[in-house]
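Hi,

Here is the structure I promised to pass on to you. Have a look at it first, and then read my notes below.

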Amino acid sequence: MSNHLQEALETLKGTGVRITPQRHAILEYLINSMTHPTADDIYKALEGKFPNMSVATVYNNLRVFREVGIVKELTYGDASSRFDYVTTEHYHVICESCGKIVDFHYPGLDEVEKLAAHITDFDISHHRMEIYGTCPDCTAKKAH
Ligand SMILES: [Zn+2]
Ligand SMILES: [Zn+2]
């Protein structure tokens with residue numbers, strides 16, 4: 001079992017969230033996949049293991065994880081939400097052709113938040129930044 005999974009399970013226990021086999025499997029999938037899956041992706045990957053599980057169940061469990069703070073829901077445009085296991089802060093590079101999301105580690109732009117607070121007198125909570133382009137796979141396909 002990975003450290004991340006163990007940590008996540010500890011957090012769930014600490015908040016009194018019951019760890020069902022489905023929740024365990026969803027978390028494990030999310031932590032091991034680097035693809036920022038949608039609820040539908042997770043459902044398709046796990047339906048063989050849990051024939052009685054529905055997409056709605058997957059979504060509800062992801063919502064529980066989000067409320068506890070171990071999972072982030074990513075919404076970009078009108079595509080369905082993607083989910084990301086929360087580790088260290090990171091930004092996302094998004095492919096405009098296939099929608100792939102890749103993690104991009106860069107120190108948080110805290111100065112921008114400080115400057116925004118200073119100039120506008122807002123109490124800043126967070127910011128989001130997305131970087132767009134064409135992924136190597138799509139670039140290669142276009143070249144053929
Ligand atoms: Zn692509
Ligand atoms: Zn990510």
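Before the annotations, one point on how to read them: UniProt positions are given in the numbering used here, feature names are shortened, and annotations may be inferred rather than shown by experiment. This is a predicted model, in which local features need pLDDT of at least 70 and side-chain atom pairs count only at pLDDT 80 or more, while totals for chains, interfaces and linings use all residues. Residues are numbered from 1 along each chain as its sequence is written, and chains are lettered from A and ligands numbered from 1 in the order in which they are written.

**His127**

The unreviewed UniProt entry gives "binding site" for His127. This residue sits in the loop between α5 (110-120) and β5 (130-133); helices (H or I, at least four residues) and strands (E, at least two) are DSSP runs, numbered from the N terminus. Is His127 buried or exposed? His127 is exposed, because 11 other C-beta atoms lie within 10 Å. For the cut-offs, a residue is buried with 20 or more other C-beta atoms within 10 Å of its own, exposed with 12 or fewer, and partly exposed in between, with C-beta atoms placed from the backbone. Leaving aside neighbours within four places in sequence, His127 is in contact with Leu109, Val112 and Glu113, where contact means that the C-beta atoms, placed from the backbone, lie within 7 Å.

Cys95 belongs to strand β3 (residues 91-95) and is partly exposed, because it has 17 C-beta neighbours inside 10 Å. Apart from neighbours within four places in sequence, Cys95 is in contact with Lys100, Gly133, Thr134, Cys135 and Cys138. Cys135 lies in the loop between β5 and α6 (136-143). With 18 other C-beta atoms within 10 Å, Cys135 is partly exposed too. Not counting residues up to four places away in sequence, Cys135 touches Cys95, Cys98 and Lys100.

**The chain and its domains**

The protein chain has six helices and five strands, and its C-alpha atoms fill a box of roughly 50 × 50 × 30 Å along the principal axes. Buried residues make up 13% of its 144 residues.

An automatic or database domain assignment supplies the domain bounds: domain 1 covers 3-85 and domain 2 covers 91-143. Taken over C-alpha atoms, 23 Å separate the centres of domain 1 and domain 2. Four residues of domain 1 are in contact with four residues of domain 2.

**The largest nonpolar core**

A nonpolar core here is a set of buried Ala, Val, Leu, Ile, Met, Phe, Trp, Tyr and Cys residues joined through C-beta atoms within 7 Å. The largest one has 13 residues, of which Ile26, Leu30, Leu62 and Val71 touch the most other members. At least two residues of this core come from each of α2 (21-32), α3 (39-46), α4 (55-68) and β2 (82-85). What does Leu30 touch, not counting residues up to four places away in sequence? Leu30 touches Pro37, Ile42, Val71, Phe83 and Tyr85.

Best wishes

Note on methods. Two residues are in contact if their C-beta atoms, placed from the backbone, lie within 7 Å.
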